[in-house]
Amino acid sequence: MTGDDARPDPIDGDPLDLLALDDELSPTERETRDRVRALVDEHVRPHVARWFADGVFPLDLVPHLAEAGLLGMHLHGHGCAGRSAVEYGLAMAELEAGDSGIRTFVSVQGSLAMTAIAKHGSPAQRERWLPGMAAGETIGCFALTEPTAGSDPASMTTTATRVGDEWVLSGRKRWIGLASVAHVAVVWARAVDPDDPAGDGRPRVRGFLVPTTTPGFAATPIEPKLSLRASVQCDVVLDDVRLPADAILPEHPGLAGPFACLAEARYGIAWGATGAARDSLAAALRHAGERVQFGRPLAAFQLTQAKLVDMALEVSRAQLLALRLGRLKDAGRLEPHMISAGKLANVRSAIEVARTARTVLGGDGITLEHSPLRHAANLESVRTYEGTDEVHTLILGRHLTGHQAFR
């Protein structure tokens, strides 16, 4: 199961780089991209079709991701690499060129779980958890979404109740990435913190660090799936889970806490989608050059060239958008509506590129020898998580008009 999942032969003056975007990257940024690309070529591409077919996430890949400094790579200290936003984005693009499930692992671990601890945790919590997570020895998950609270996290029903020197958590979570293989879960629940001097006695959303071996915590993988098969998503049950008082994340109570983490994940998605799109285009271009029909390669037909051109333009536009977001983020100027624009536009484009690439591959395109349909299936999940099209459309609509249309 290799086929077009193998990288196309190098070509002088890469035709996939229509706008010479490589010139916009620094030597350090290119080195990071090429290093992650080599990791994907060696450790992901030869195996990803089988992982997808079997519906498994390869835990033996985690040490390679950690060794490459990809876990919490945008964070500083505690063993994290402290890389720039553009370097992080380039890495996400290369990982998703391998498979969305692999990029999702790095996103859940770093942009969600590790970021929650780094941004909202105490010094003791950061010291306890982050070094092991950066080293890949400890896996984390981020439990926000519930069976009846997806796009509307404010309606969550999971609760945390203070009983003496303990917190007791009860509730249900759904579509929680990595939960069944994680060692620690960042669980968001409604709670009244008696130690919060600014509290007014009303419950607010708070984060809690829950070791997954704690009695009452149970995670069950959601199966079977048609998308993100080389990944793990779970239903989580919290049945009177008892935690020490210091399990609460002390900083930034309210939905601003999880939303700050979601912004990091959404930024990575805007880049990751470009990788899936570019890989789909590369597979189609290679196949079109090799497949002969009516005495000519498919690439010599006008209709095929039109498809390739349309895909290449979409990939280039998505890469430009992602790079702009990265430069803004590194400059401290990235705003939430900009992230929504990148996530919405680039995932939409990537899905269309993957679907069009499949048509170039003909009937062979429905096999796992080729990547585009696998990417297209994965991207349906990427399109849904970290904010649906509708949510990001309304975020942008609010920015443009000043009117809140969510309720």
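**Contacts and packing**

T32 touches M73, R83 and E87, leaving aside residues up to four places away in sequence. The model is predicted. T32 belongs to helix α1, residues 27-43. Its relative accessible area is 0%. T32 is therefore buried, since the cut-off is under 20%.

Next comes a residue in another helix. F105 lies in α5, which covers residues 100-120. F105 has 1% relative accessibility, so it counts as buried. Its contacts beyond four places in sequence are F57, V62, L65, L71, I139 and L178. There is also a C-alpha separation to note. F105 and L59 are 46 residues apart along the chain, yet their C-alpha atoms are separated by 10 Å.

L178 sits in the loop between β5 (166-177) and β6. It is not a glycine, but its phi is positive, about 75°. L178 is also buried, because its relative accessible area of 1% falls under 20%. So the backbone of L178 has a positive phi, and the residue is buried as well.

Now α5 as a whole. Which helix does α5 cross at roughly 150°? The partner is α7, residues 256-290, and the two axes come within 9 Å. An angle over 145° counts as roughly antiparallel, so α5 and α7 are roughly antiparallel. From α5, the contact uses R103, S107, S111, L112, T115, A116, K119 and H120. From α7 come G257, A260, C261, L262, E264, A265, I269 and G272. The crossing of α5 past α7 is right-handed.

Helix α6 covers residues 123-134. Its length can be checked. Twelve residues at 1.5 Å a residue should span 16 Å. The end C-alpha atoms are 16 Å apart, so the two values agree. Q125, W129, L130, G132, M133 and A134 of α6 are buried. What do these buried residues pack against? They meet α3 (62-67), β2 (80-81), α5, β3, β6 and β7 (204-211). Both helices and strands are on that list. After α6 comes G136, with a positive phi near 75°.

Strand β3, residues 140-143, is one of those α6 partners. In a regular strand, side chains alternate between the two faces of the sheet. For β3, which residues fall on each side? G140 and F142 are on one side, and C141 and A143 are on the other. All four are buried, and both faces of the strand are covered. β3 pairs with β6, residues 184-191. The sense is parallel, with four bridges. Within this pair, A143 stands opposite V187 of β6.

Two packed helices are described by the angle between their axes and the distance between the axes. α8 covers residues 302-330, and its 29 residues should span 42 Å at 1.5 Å a residue. The end C-alpha atoms are 42 Å apart, which agrees. α8 packs on α9, residues 336-361. The angle is about 155°, and the axes are 9 Å apart. That is over 145°, so α8 is roughly antiparallel to α9. The crossing is left-handed, whereas α5 passes α7 in a right-handed one.

The α8 side of this contact holds T304, K307, M311, E314, V315, A318, L321, A322, L325 and L328. The α9 side holds M338, A341, G342, A345, N346, S349, V353, T356, A357, T359 and V360. Just after α8, G332 takes a positive phi of about 75°.

Two backbone features in loops complete the tour. Between E223 and P224 the peptide bond is cis, with omega near -10°. P224 lies in the loop that links β8 (217-221) and β9 (233-244).

The other is E386, in the loop between α10 (372-384) and α11 (389-401). E386 is not a glycine, and its phi is positive, near 55°. Is E386 buried or exposed? Its relative accessible area is 15%, under the 20% cut-off, so E386 is buried.

Notes. Residues numbered from 1 in each chain as written. Predicted model: local features only at pLDDT ≥ 70, side-chain atom pairs only at ≥ 80, totals over all residues. Heavy atoms only, no water. Buried < 20%, exposed > 50% of the residue type's maximum accessible area, 1.4 Å probe, protein only. Pairing = 2+ DSSP bridges. Expected span 1.5 Å × (residues − 1). Axes fitted to C-alpha atoms, helices over the stretch in contact; angles between N-to-C directions. Parallel < 35°, antiparallel > 145°, perpendicular 65-115°, else oblique. Left-handed = near helix turned anticlockwise from the far one by under 90°. Contact = heavy atoms within 4.5 Å.
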